[in-house]
There are 2 protein chains.
Amino acid sequence: MNVLGKPTRSIWVEADGWSVGVIDQTRLPHHFATARLTTADDAARAISSMLVRGAPLIGATAAYGVCLALRQDASDGALERALALLGSARPTAVNLRWALDELRRAVAPLPPPEREAAAYRRAAALCDEDVAINHAIGEHGLALLQAAWARRGREGRLNVLTHCNAGWLATVDWGTALAPIYLAHDAGIPVHVWVDETRPRNQGASLTAWELGQHGVPHTVIADNVGGHLMQHGLVDLCIVGTDRTTARGDVANKIGTYLKALAAKDNEVPFYVALPSPTIDWTLQDGVREIPIEQRDGAELCDVTGRLSSGELGTVRITPPDSPAANYAFDVTPARLVTALITERGVCAASPEGLLSLFPERAVA
Amino acid sequence: MNVLGKPTRSIWVEADGWSVGVIDQTRLPHHFATARLTTADDAARAISSMLVRGAPLIGATAAYGVCLALRQDASDGALERALALLGSARPTAVNLRWALDELRRAVAPLPPPEREAAAYRRAAALCDEDVAINHAIGEHGLALLQAAWARRGREGRLNVLTHCNAGWLATVDWGTALAPIYLAHDAGIPVHVWVDETRPRNQGASLTAWELGQHGVPHTVIADNVGGHLMQHGLVDLCIVGTDRTTARGDVANKIGTYLKALAAKDNEVPFYVALPSPTIDWTLQDGVREIPIEQRDGAELCDVTGRLSSGELGTVRITPPDSPAANYAFDVTPARLVTALITERGVCAASPEGLLSLFPERAVA
């Protein structure tokens, strides 16, 4: 999507034809800075220090990290060292391991002199596949937004609420939950986005607000507490969020607080959509609340808030008493009964075993 | 309740017998500092700059502001000037106007030389009445906590979730929602409080966490997004919140985000209690969502976060992009159907017209 008026992906090969550019997302929304990765170490550090985040972008960065390693040394030993290094950069990221497996499969059978070029080809293809999946999600979601706009009689603005960042910054381009919004905006629907700030890490206030603003999509940042009130007063036409993990019956694990918005949507008859690339479906799971373990992160993420000081520098302030403990659950699970529909690259379906199997019949057990 | 191990009210007459002490709540939880008010101007500034906040404490501060004015000049003109000055310090505070009316009634009929002493008596009585009301709320709520503790088989800890600050800092002592918690703690029930940080003003992270910590009540600060997840996993035994305004049928307007917690409580069969002094009941209103106007405050409260820098100084950071607008709704309305019971100074009742009239039969229309 656009940055400073120019179409931009979240990761790219530089003009030199081999080094890799990424956006330093730790400095958003206050500073737009890019980083140039020239070694596998650079790529691993970009992942572990969260210069890049979001499952698809982490995978893409790891894939290019393999390319950078092979450029220096294409031996079996160097390949394995790079895969181990990159694989440990963010141990819980499923997509990271998947991308590394893809790269290994693409290059390991080849003689070393052919590996570098093959790796760059596979990494570029992974990126293009991600863009294609997200664009397809966008097209299917766009139909839902067009229908909602028609239900409004095409008057006023179409108010969409989203939580966290499931935008292009988390992917290679388009995003998942935001892809339909970008397409609707580009198609001339006057969409306006309520952006949950998404405590404790504020991905909404920083990343979602920034990327929507750069692309020119009207939006308003709100506290996570506000969505229910807006829905009670008819100020939300629909919700769209992403998901980190979806069960075979359509329960979705997403950023903490998603469940509360889904409850409010249900209580106010507001459609609640979840956008997802199909690789995030875990076909081995059914009951998300019982079966999906929820990561607990450092309480400091809650207690310490980082932003821009009046000097322009970034600074961090502590908001809690020194002796008060904090708990920091990263995700929650929204039961399928609260999800109006799932938006996948293959189309829209009910959040149910039957709905998912209608789009993914190959998953049916014989 | 206790501060630094010493029983403390949120407002008091100093040892000199006339000047008034308050806690500077703008510096909590980072610095515990008190302020000495010696004029009506001081009292008005303490209210308008939010050194003191919370309806009962604002009322008490205004009442003592009248005392301080009369000490300098007990004429009719000075009394009216003080009432006007203090009344405009926080125009939307209903309790403020009520306290000023009480003071006027107590002193205006008296000859000027008798007014100062009468004002101090009435102000002290207003404070004692607030303490008595809150203690009664605490006793009635304590019975609910004792019952919940018995349901748990008196094992582990009793987990209570609260939102915002309805503690002793918002009142003269005890608080409303926190009064039952303090009494339960003092009675030996191992109560543990999940403290919603309560964005955007963070009254939970700053004030509730601080006052619970000072009194020794175990607690954990959480993002407002977390409560639903905790309830899904049986980690909340009950919720207690305060309210700014209650309708005759039991709808409650409270800090933004309360509604979302009430939805989660309902979805997980967790009791959701609202504690209130009966003066907050507006008997003229029925449908809170439709009838209660919700204040919108400056978006800067959301975008700018204040806390303690690593230097120990207080600092403010901006968390949003410079061009992103923010909306800041201060309250929401929780419909009575989501409220398990109301806890008042007269007892516990259903959140319904019948429930409220059973405790306040004098309100029944003949």
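Guide: The contact in this predicted model draws 63 residues from chain A and 63 residues from chain B. Of the interface residues of chain A, 100% are also interface residues in chain B, so the two copies meet through the same surface. Chain A is superposed on chain B by a rotation of 180° with 0.0 Å of shift along its axis, at an RMSD of 0.0 Å, and the copies are thus related as by a two-fold rotation axis.

The size of an interface is often expressed as the accessible area lost when the parts come together. Between chain A and chain B the buried area is about 4800 Å², and carbon and sulfur atoms give 61% of that area. On the side of chain A, the residues that lose the most area to chain B are Asn225(A), Leu260(A) and Ile319(A), which together account for 14% of what that side buries.

As for polar pairing, 26 residue pairs are in polar contact across the interface of chain A and chain B, both residues being at pLDDT 80 or more. Several elements of chain A each supply at least two residues of the side that touches chain B, among them helix H7 (203–215), helix H8 (227–232), helix H9 (258–267) and strand S15 (314–318). The largest share of that side, six residues, comes from H9(A).

Side chains of opposite charge can pair when their charged atoms come close. Between chain A and chain B there are four salt bridges, and in one that joins Arg337(B) to Asp267(A) the closest N and O atoms are 3.0 Å apart. Over all chains, the count comes to 46 salt bridges.

With a relative accessible area of 17%, Asp287(B) is buried, whereas Arg249(B), at 31%, counts as partly exposed. In chain A, Asp76(A) and Arg115(A) likewise form a salt bridge, at 2.6 Å from N to O, linking helix H3 (residues 76–87) to helix H5 (residues 112–151) across 39 residues of the chain. Here Arg115(A) is buried, with a relative accessible area of 3%, while Asp76(A) is partly exposed at 48%.

Terms used. Residues numbered from 1 in each chain as written. Chains lettered and ligands numbered in written order. Predicted model: local features only at pLDDT ≥ 70, side-chain atom pairs only at ≥ 80, totals over all residues. Heavy atoms only, no water. Least-squares fit on C-alpha atoms with pLDDT ≥ 70 in both. Contact = heavy atoms within 4.5 Å. Buried area = accessible area lost by both parts, 1.4 Å probe. Salt bridge = Lys/Arg side-chain N within 4 Å of Asp/Glu carboxyl O. Polar contact = N/O pair within 3.5 Å; in protein donor to acceptor, adjacent residues only side chain to side chain. Helix = DSSP H or I, 4+ residues; strand = E, 2+ residues; numbered from the N terminus. Buried < 20%, exposed > 50% of the residue type's maximum accessible area, 1.4 Å probe, protein only.
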